[in-house]
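User: I have a protein chain here and would like to talk through its fold with you. Could we go step by step?
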Amino acid sequence: MNISFQQWATGSGVIRHDETTQQRIADLLIDLERQGLCSQEQALRLFAATDYLCNMAMWLTVHMTYAKNVYLDGRELQASDFKKIPEGHTGGALNIVPAYVGYLLANALTGKTRAWLMGQGHCVAAIDAVNILLGNTEPEQAARYPLSDAGLSQLAQDFYSYQIGADGHPAVPLGSHVNPYTAGGIIEGGYLGFAELQYVHMPLPKQELVAFLSDGAFEEQRGSDWVSRFWRGEDTGLVMPIMIANGRRIDQRTTMSQSGGVYWFKEHLKLNGFDPIEINGRDPAAFAWAIISMAQNLQQQHQDIQQGKAHYPVYLPYAIAETVKGFGFVNAGTNAAHNLPIAQSPASDEAARVLFNQGCAPLYVPSKQLNWAITMLNNHSFANRPLEKDHCLRKLQVSDLVAPPIKYLSLGEQLAPMVAIDKYFSDLVAANPELRVRVANPDEMRSNRMNLTLDRIKHRVLDVELDAAEAVQGGVITALNEEAVVSAVLANKQGLNIAVSYEAFAVKMLGAMRQEAIFARHLAELGRDLNWHSVPIVVSSHTWENGKNEQSHQDPTLSEAWIGEMSDVAPVYFPCDANTAVAQLAALYQQKGRIATVVAAKSVLPVWCDATQAQLAAQQGAITLRHDHQADVQLLAIGAYQLQEIERAAKRLRAKGVGVSVVAIVEPARFRIARDAREAAYVWDDATVSNIVPEVQKRLFVCHGRPEVMTGVLRRLDTGYQHSRFVGYHNRGGTLDVFGMLYANKITWAHIIFYVAELLAEDAQLWLSAEEYLAVQGKGELECLR
């Protein structure tokens with residue numbers, strides 16, 4: 001089929017090509033032919049095919065919301081063909097269809113399969129509709145949704161069907177957000193704004209990434225303004241951000257819309273180092289032009305920098321795709337367009353049925369034209385390029401890490417666990433020079449003892465101060481925004497990463513962390529490879545050593561929340577000294593697809609574990625340091641300061657003739673009751689638990705965080721209310737030192753002795769001096785307990 005420019009320019013269905021887009025495409029046709037990428041005749045056929053596909057994908061998207069039967073002959077639907085209760089984020093999905101189809105067109109025109117991500121995860125119907133029409137699907141969807149009346153009807157019936165399998169998992173390969181069944185999907189997009197923070201840190205040189213962004217997310221999450229200051233062509237591929245500016249969030253206009261719309265946003269972007277361009281958000285050809293043009297623009301800017309003609313920052317190209325919510329269907333641009341543009345159910349309302357059929361009619365494409373369009377756009381074999389479902393960021397190619405040697409300390413030596421972590425990570429970077437490094441730093445690297453890493457990697461800046469650890473190509477991403485910096489390491493899945501934060505403020509990272517962990521686990525459940533190096537989120541300056549900064553800085557919430565996630569992908573570690581810290585970090589980096597919270601002290605502490613014990617603790621999740629024959633009580637520490645107090649208490653108890661067992665628990669979740677089969681394969685069975693933790697009836701658990709959390713996690717080790725006790729952070733604090741924090745929360749060594757006396761039904765006064773006893777009771781001077 002030969003297509004003239006004029007034939008294409010008249011548009012198809014609901015798609016109209018405005019004069020600006022027509023001129024841009026005319027220039028693009030010449031440029032593509034000049035570069036030998038695509039002849040003008042072939043390009044025009046691809047443009048025409050794209051119009052057909054876009055219309056039909058919008059048609060199918062609307063059917064996914066309302067219909068239970070889909071007919072490829074385009075007949076009007078009757079009452080029995082509709083779902084009784086329609087559901088879907090229909091308006092947003094309709095806006096994504098031209099964007100995603102335009103992305104496919106850009107790939108087909110240039111013979112290059114770019115990566116993509118979408119911040120509007122709830123608009124997944126658009127992606128699924130296009131992919132299923134094209135046959136760009138994962139095996140599960142390909143088998144269930146063939147391009148037939150039966151296959152597309154099954155797709156519509158599965159969409160928001162809420163079906164659940166006997167195993168408790170969703171029963172259909174379809175979801176309400178981007179998920180592992182979504183061909184090419186790499187983030188769920190359920191947490192608005194994280195795509196905006198992550199896209200600039202994703203591609204490597206020679207890779208390209210198209211990021212579909214949301215004006216609602218711009219309002220939701222700050223930090224995307226800094227993208228242009230972070231991009232460097234030496235270690236980052238081309239990024240093409242495209243905002244879908246439809247002007248509405250759920251039931252109100254966006255702040256951008258109320259502030260002055262696209263004009264205001266363009267000025268805002270210019271002030272923040274972007275080069276904004278406006279495109280027609282209703283036209284897939286406009287998206288294709290933007291993607292190709294932005295890539296050329298950014299590549300040229302980098303070449304100019306390399307040749308000394310310019311310097312960083314670049315003016316990062318940024319497309320604003322102006323449209324109305326729900327373009328292509330009835331009630332576009334209204335609040336109703338967000339979810340259900342037709343409020344009544346067509347299954348029971350005749351007027352709604354008429355509206356639906358009238359709205360679908362201009363979108364419908366007959367099978368002959370649709371099949372031709374599908375054939376045209378599936379031109380991957382001509383350029384020997386992968387399908388879009390297999391783009392470079394979905395099919396990651398990452399080599400195993402080279403582990404540097406570790407010099408463990410001897411028992412009795414003293415070193416801050418954070419200093420040991422710093423040394424190991426710096427050595428790991430040196431041993432793996434081919435990997436891009438990202439360090440997330442929301443505040444103070446040096447305060448958290450990451451000096452070697454900072455001096456090696458350096459802050460990424462635009463203007464270097466001679467007396468600071470800064471470099472234009474630095475790998476330390478520093479910003480006073482926890483969400484922004486943690487996104488840098490979570491996005492750098494082809495590299496080597498670590499995040500270091502004050503514990504109290506790291507909880508702001510939780511949403512970004514959780515989205516990644518959930519998506520990773522869902523991929524693993526389907527047998528997909530998680531070919532990225534695990535990421536430690538190291539929280540230091542923590543609850544017990546941050547007393548000087550008042551109780552806002554004394555917050556163990558992140559580790560408590562993270563231990564509620566599934567342990568096989570989201571471990572929580574409490575290294576008890578420098579040796580266990582480095583052993584645990586080394587073990588984590590030899591694993592793939594895990595996001596770990598590591599609670600590590602930055603102050604100098606004794607070494608309690610030798611090299612063998614430290615490695616065993618990392619392997620087992622706990623280590624028994626001392627175990628008296630016929631021990632009367634077992635003291636279990638979760639945290640470095642907690643172990644220090646336990647050891648002091650144990651020494652006093654032994655001197656008083658009490659048999660003591662001392663256990664350091666580094667990874668509590670290895671001892672939890674498993675919540676599903678995957679976690680059951682990760683946690684220890686009963687026999688192994690007994691081998692690691694000797695059985696003693698009387699147990700005292702001294703916890704880094706709130707004891708109620710560990711009471712639940714360590715239920716298997718709990719010997720009952722009369723025999724076990726959990727103590728820890730009781731929400732007491734203020735402007736205090738370490739001892740003051742321990743005392744305020746009643747977990748000093750002397751308090752521990754008092755709890756042991758209660759467990760053993762003994763008189764604590766037998767083991768404490770009168771002065772110490774009074775101090776524990778809060779009735780005497782405290783210096784005797786320090």
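Analyst: Happy to! One term to begin with: contact means heavy atoms within 4.5 Å. Please also keep in mind that this is a predicted model.

User: Good to know. Which helices and strands do the buried residues of helix 21 pack against?
Analyst: The buried residues of helix 21 include Gly511, Met513, Phe519 and Leu523. Packing here rests on contact, heavy atoms within 4.5 Å. By that test the partners are helix 8 (194–198), helix 19 (482–491), strand 12 (535–540), helix 22 (557–562), strand 14 (595–599) and helix 26 (677–680).

User: How many of the 16 residues of helix 21 are buried?
Analyst: A residue is called buried when its relative accessible area is under 20%. Helix 21 is largely enclosed by the rest of the structure, because the number of its 16 residues that are buried is 12.

User: What span should helix 21 have, and how far apart are its end C-alpha atoms?
Analyst: Helix 21 covers residues 510–525, which makes 16 residues at 1.5 Å a residue.

User: Let's move to serine 567. Is it buried or exposed?
Analyst: Serine 567 is found in the loop between helix 22 and strand 13 (572–573). The cut-off for buried is under 20% relative accessible area. Serine 567 has 1%, so it counts as buried.

User: Which side chain does the side chain of serine 567 join in a polar contact of 3.0 Å?
Analyst: Leaving aside neighbours within four places in sequence, serine 567 is in contact with Arg594, Ala669, Arg672, Arg675, Glu679 and Tyr682. Tyrosine 682 is 115 residues away along the chain, with a C-alpha separation of 7.5 Å. The polar contact of 3.0 Å, though, is with the side chain of arginine 672.

User: And which residue makes a side-chain polar contact of 3.1 Å with serine 447?
Analyst: Serine 447 lies in the loop between strand 7 (437–441) and helix 18 (451–457), and at 14% relative accessibility it counts as buried. Beyond neighbours within four places in sequence, its contacts are Tyr502, Ser541 and Lys602. The 3.1 Å polar contact joins its side chain to that of lysine 602.

User: Last one: what radius of gyration does the protein chain have?
Analyst: The protein chain has 31 helices and 20 strands, and 61% of its 786 residues count as buried. A compact globule with 786 residues would have a radius of gyration near 28 Å. The value for this chain agrees with that, at 30 Å.

Technical notes:
Residues numbered from 1 in each chain as written. Predicted model: local features only at pLDDT ≥ 70, side-chain atom pairs only at ≥ 80, totals over all residues. Heavy atoms only, no water. Helix = DSSP H or I, 4+ residues; strand = E, 2+ residues; numbered from the N terminus. Expected span 1.5 Å × (residues − 1). Buried < 20%, exposed > 50% of the residue type's maximum accessible area, 1.4 Å probe, protein only. Polar contact = N/O pair within 3.5 Å; in protein donor to acceptor, adjacent residues only side chain to side chain. Rg over C-alpha atoms; globule rule 2.2 N^0.38 Å.
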